[in-house]
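Okay, thanks for coming, everyone. Let me put the model up and walk you through a few spots in it.

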Amino acid sequence: MILLLSFIIVLAWTVLFRYRRRNMYKLAAAIKTYREREHLPIIGFTHKFSCNTEDVEKIMEDASYAAIENNGIIKGWGFHMVYFLVTDPADIEVILKTCLEKDKVYRFLRKFIKNGTIFAPVSIWRRRRKILIPAFSPKIVENFVEVFSEQSEKLAQELIQNAGKENIMWPFISSYTLDAVCETAMGVKVNAQGNPNTPFLVALNHVLNLVFKRIYQVWLWPDWVFQLLPQFKEHEDCKKIIHDFTDTVNVYEKGSFLDFLIHISGGENGYTNVELREEVLTLIVAGTDTSACAIGFTLKLLSKYPEVQEKVYQELVEVFDDVERPLRKDDLLELKYLERVIKESLRLFPPGPVIGRNILEDIKLPSGRILPAGTGVVVSIWGAHRDPKYWGPDAEHFDPDRFLPERFHLKHPCSFMPFSSGPRNCIGYHYALMSIKTSFASILRRFKVVGEPEKSPIPKMRLKVDIMLKAVDGYKVTLERRK
């Protein structure tokens, strides 16, 4: 009798649950399911994510290409949840302008980053973003060129000791970006370069990998489950190292980003001390990883295409009359070809390949499809950047000259958005591009980057996703001293 009653209750709850979601099922049914035959009863496609970071990257790529072939959208199920993956720039623009709430999986990043603007709920984000925007104005960011120049010169000196042999570049470039972001953010020199295994960087890489696992392995979503596992202690240990690091350097100098932020946000409507700490932590974490990824991918591409690297070098020779002269602010404007190379690297290998948003209300997209409320959407920047409809039949080719003024005519602004788009886009794009360009001005004047030349215009790399898109080999290249 008890079993029968339990069965009736479960059946009634299921029927009611599905009835309340009938609109969602109806609208979702109109959109093709990704690898439908591989979806299992109840759990859907989630079993495919019990894999490593490289396998998840391959699924992200494959799903993006599948969406491109299906007019820019595809869906997948996981238990009771449905996610849409979108690649069409016109649809993406509407999504990023109207769906401002980050997907629920971002809560795992907030476990250690807290409520910094990038990942904060909309209720917190709106006010903070308004305060933060003036601090990233070009006039303020340009004050940091001297810091970028000094830290990139340190990077070049560190690399001299490793010239002539194959190097995994990730420890060097992530140490450079950490030094640069800490000095610009707070005016504090942390001297991570020279110690590529600094505890902060080790903890950051490990905690991002743990967050990646929680995002893609649904059974780790409940906190009580995760807290029973050994990974929870690892997560907490890494979080403590990251927070202790931020607190240790919780002083600032005049002229730093934090100084500007305090000045701009002054008064009763400004940031509290806790909010300032959260924003600085977010800047350190995001600024370190994204810029390092961009530098790493560009290094790999230059090693694969020596003729492109030679053109960059010749531009540097023209701009710098002395190989040892530090970079000045005006030099950055002259490095036009280098900038095109970096942008093409960001197009093919965007550090943040996807963005997740919650759909709170039904949305009709320009393509005519309707995304139902109560679902999630994954915006594939990777897919938008490689869609032949917008980039032509050579969309997969590495071609920096596609960013020449006479050739660069985007059919849609969201077809190129390496740092997102819409109201929640990354406002640090100008800052990151300056840091990246400055690092190459120091590296390429002194070294030739050598790797296995690519025979095809389509670059091949083993990739992985652990929040950011990265090369599996840690950006392995050989640096040869220039005479």
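Let's start with a hairpin. Strands β9 (residues 463–466) and β10 (residues 468–471) run antiparallel and are joined by 4 bridges. For the record, strands here are DSSP E runs of at least two residues, helices are H or I runs of at least four, both numbered from the N terminus, and two strands pair if DSSP finds at least two bridges between them. V465 has L469 in β10 as its bridge partner. There's 1 residue between the strands, and in this hairpin I467 takes a positive phi near 80°.

Quick housekeeping. This is a predicted model, so local features need pLDDT of at least 70 and side-chain atom pairs count only at pLDDT 80 or more, while totals for chains, interfaces and linings use all residues. Residues are numbered from 1 along each chain as its sequence is written, and side-chain values use heavy atoms, with hydrogens and water left out.

Buried is under 20% relative accessible area, exposed is over 50%, and partly exposed is in between, with a 1.4 Å probe and protein chains only.

Now find α13 (residues 257–264), where F257, L258, D259, F260 and L261 are buried. The buried residues of α13 pack against α6 (122–132), α7 (138–141), α9 (170–186) and α14 (273–304).

On α9, look at A180. A180 is buried, at 2% relative accessible area. Beyond its neighbours within four places in sequence, A180 is in contact with V147, F148, Q151 and Y431. Its C-alpha is 9.4 Å from that of I284, 104 residues apart along the chain.

So what about charges? The whole structure has 35 salt bridges, counted when a side-chain nitrogen of Lys or Arg is within 4 Å of a carboxyl oxygen of Asp or Glu. R128 pairs with E275, closest N and O atoms 3.9 Å apart. R128 sits in α6 and E275 in α14, so this pair ties together parts 147 residues apart in sequence. R128 is buried at 4%, and E275 is buried too, at 14%.

Which parts does the R445 and E153 pair tie together? R445 is in α20 (residues 429–446) and E153 in α8 (residues 145–160), so the bridge links parts 292 residues apart in sequence. The closest N and O atoms there are 3.6 Å apart. R445 is buried at 4%, and E153 is buried at 15%.

One more: R325 and D331 meet in a salt bridge at 3.0 Å, N to O, and both residues are buried. That's my tour, thanks.

Technical notes: Contact = heavy atoms within 4.5 Å.
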